[in-house]
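Here's a quick briefing to read alongside the structure. Keep the view open and look up each piece as we get to it.

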Amino acid sequence: MTPDRLRAALHDVSDPQWLDAALRRVATEPAAIARLFAAAARRCGRGPLPDPPGWTADEAARALLLTALPGDHAVLADSLYRHGDAAEKRAVLRALPLLPIGAECVPLLHDAIRTNDTRLIAAALGPYARHLEQAAWRQAVLKCVFTGVPLAVVDDLDGRADGELAAMLAALAAERYAAGRSMPADATDLLARLGAGSHPTTALEA
Amino acid sequence: MRIFDPHIHMTSRTTDDYERMAAAGVRAVVEPAFWLGQPRTSVDSFVDYFDSLIGWEPFRAGQFGVRHHATVALNPKEANDPRCRPVLDVLPRYLDKDGVVAVGEIGYDSMTPAEDAAFAGQLALAVAHDLPALVHTPHRDKARGVERTLAVVAESGIEPGRVLVDHLNEVTVKLVRDTGCWLGFSIYPETKMSPPRMVELLKTYGTERMLVNSAADWGRSDPLLTRATGEAMLLAGFTEDDVDRVLWRNPVEFYGQSGRLDLSDLDAPEPTFAGNSILRGGE
């Protein structure tokens, strides 16, 4: 994902002049981002964009505002997340891989994964989660399965899934089957790919 | 019957309530910031509360197909506590948020000088942020409290049509009817108003600028009394359109003045996450 692609996707927003002016303003007056960030959804809309897939107009506009900052990206991203409503927090999480911040904003991922808001958990598992330590990443993937977040949101799932995650998923599956409940299909598929779980129908019928 | 409850403290209610409300036709709510029973002792406690009103609670409501907005303010009772008054300094941040559709609840509890200052200051914040104001009226010394409330509102310069004066009854309705302010009535199991009494007021004063809420919170209250009032209206000869005006169009018109009321996609199946229901979240 690049800022140019997000900008092109927002070509048809209801108030493009507002977005242009806001982007110019944060480039010279970074503190202005607080109020502009809050207002972005009212100005640019909240609907899904045809491209890039999985992005909404407000997320894209807010991510662009963050990329337009001249510096202090990590400090301002942290502040916007801490003071944001759920949609603003989600937009900060989506923007993290686009910012020159290294691993500085990993604490925001920890915060998002601690919540029970599935939109935040999902947004925390994008490309920036490559900075997340493996133990926390495994717990987050397990929490996706537990709370019904589709595993398609997890960046680099197959590259990173390991034997320990397989063991954790298999244990969850055992609890679910013992209770007469099912596992989401994407989780059983992952278990099968990891070579570590019996097929759920087999377990249920056993 | 579609119902918009313009005043309900969902933070204090259970998921059973959300389920029953949705089944009864409640599709949208506004949750005003207020006191929690237990007094708060610091600004940080308010910050966590306000964050919940624009974060977790709308998410929780959405799981049951209920659209949730909030009003934010330092309430009159805690305006008297010097530890809480600096809340006024963090309010502007929240008054910029999408989910915040008014400043409230503001107004009087015991009519102290500290309440005077917080009330006037927050009416000025409403004007500065181009937001309506939700005004609580005191439960004790109520008639004089309403008179004083209306004087402060007039002095503030806020347009009366952007003010909702709440918790009115047979005595205080007369004071507000001709001011241009909107009139709110809280229907309670025993105190405040009841559905039959509310119907009598609607017969006398009509349906214009009249709002009915449950004000359900942590005390004895019932989130379905909005629906019961609608049914009592129909039994008394009001039309379906009258009920829709009081229980849906009036609150939409009042809070719609914020420019932030988002009732889009309310008819869409709520809410799925790429096809997966999130209702089992946290099981």
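In this predicted model, chain B holds an open sheet of 8 strands, all paired in parallel, in the order E1-E2-E3-E4-E5-E6-E7-E8. The edges belong to strand E1 (3–5) and strand E8 (210–213) of chain B, each of which pairs on one side only. Going from one strand to the next, the twist averages 25 degrees.

**A closer look at the sheet's end**
- Strand E7 (residues 182–186) of chain B runs parallel to E8(B), and 4 bridges join the two.
- If you want a pair to find on screen, B:Phe185 sits opposite B:Val212 in E8(B).
- As background, strands in a sheet pair through backbone hydrogen bonds, and the pairing can be parallel or antiparallel.

**Helix H9 of chain B**
- Which residues of helix H9 (residues 225–235) of chain B are buried? They are B:Leu225, B:Thr226, B:Arg227, B:Thr229, B:Gly230, B:Ala232 and B:Met233.
- The cover over the buried residues of H9(B) includes strands E1, E2 (26–32) and E8 of chain B, along with helices H1 (15–24), H8 (195–205) and H10 (240–256) of chain B.
- After H9(B) comes B:Gly237, which has a positive phi, near 105 degrees.

**The nonpolar cores**
- The largest nonpolar core has 75 residues, and the ones touching the most other members are B:Val72, B:Val103, B:Ala133, B:Val163, B:Leu164 and B:Leu183.
- Take B:Leu183: setting aside neighbours within four places in sequence, its contacts include B:Val165, B:Leu168, B:Val173 and B:Val176. B:Leu183 also touches B:Arg177, B:Arg209, B:Met210 and B:Leu211.
- There's a second, separate core of 63 residues, with A:Leu108, A:Trp137, A:Val141 and A:Ala173 among them.
- In soluble globular proteins, nonpolar side chains tend to be buried together.

**Chain A overall**
- How many helices and strands does chain A have? The count is 13 helices and 0 strands.
- The C-alpha trace of chain A spans about 65 × 30 × 25 Å along its principal axes.
- Chain A has 206 residues, and 40% of them count as buried.
- Among contacts in chain A with a separation of 6 or more, 65% link residues 24 or more positions apart.

- The mean pLDDT of chain A is 93, with 95% of its residues at 70 or more.
- Watch out for residues 198–206 of chain A, where the pLDDT is below 50; this stretch has 9 contacts in the model beyond near neighbours in sequence.

Terms used. Residues numbered from 1 in each chain as written. Chains lettered and ligands numbered in written order. Predicted model: local features only at pLDDT ≥ 70, side-chain atom pairs only at ≥ 80, totals over all residues. pLDDT = per-residue confidence, 0-100. Contact = placed C-beta atoms within 7 Å. Pairing = 2+ DSSP bridges. Axes fitted to C-alpha atoms, helices over the stretch in contact; angles between N-to-C directions. Buried ≥ 20, exposed ≤ 12 C-beta atoms within 10 Å, placed from the backbone. Core = buried A, V, L, I, M, F, W, Y, C linked by C-beta atoms within 7 Å.
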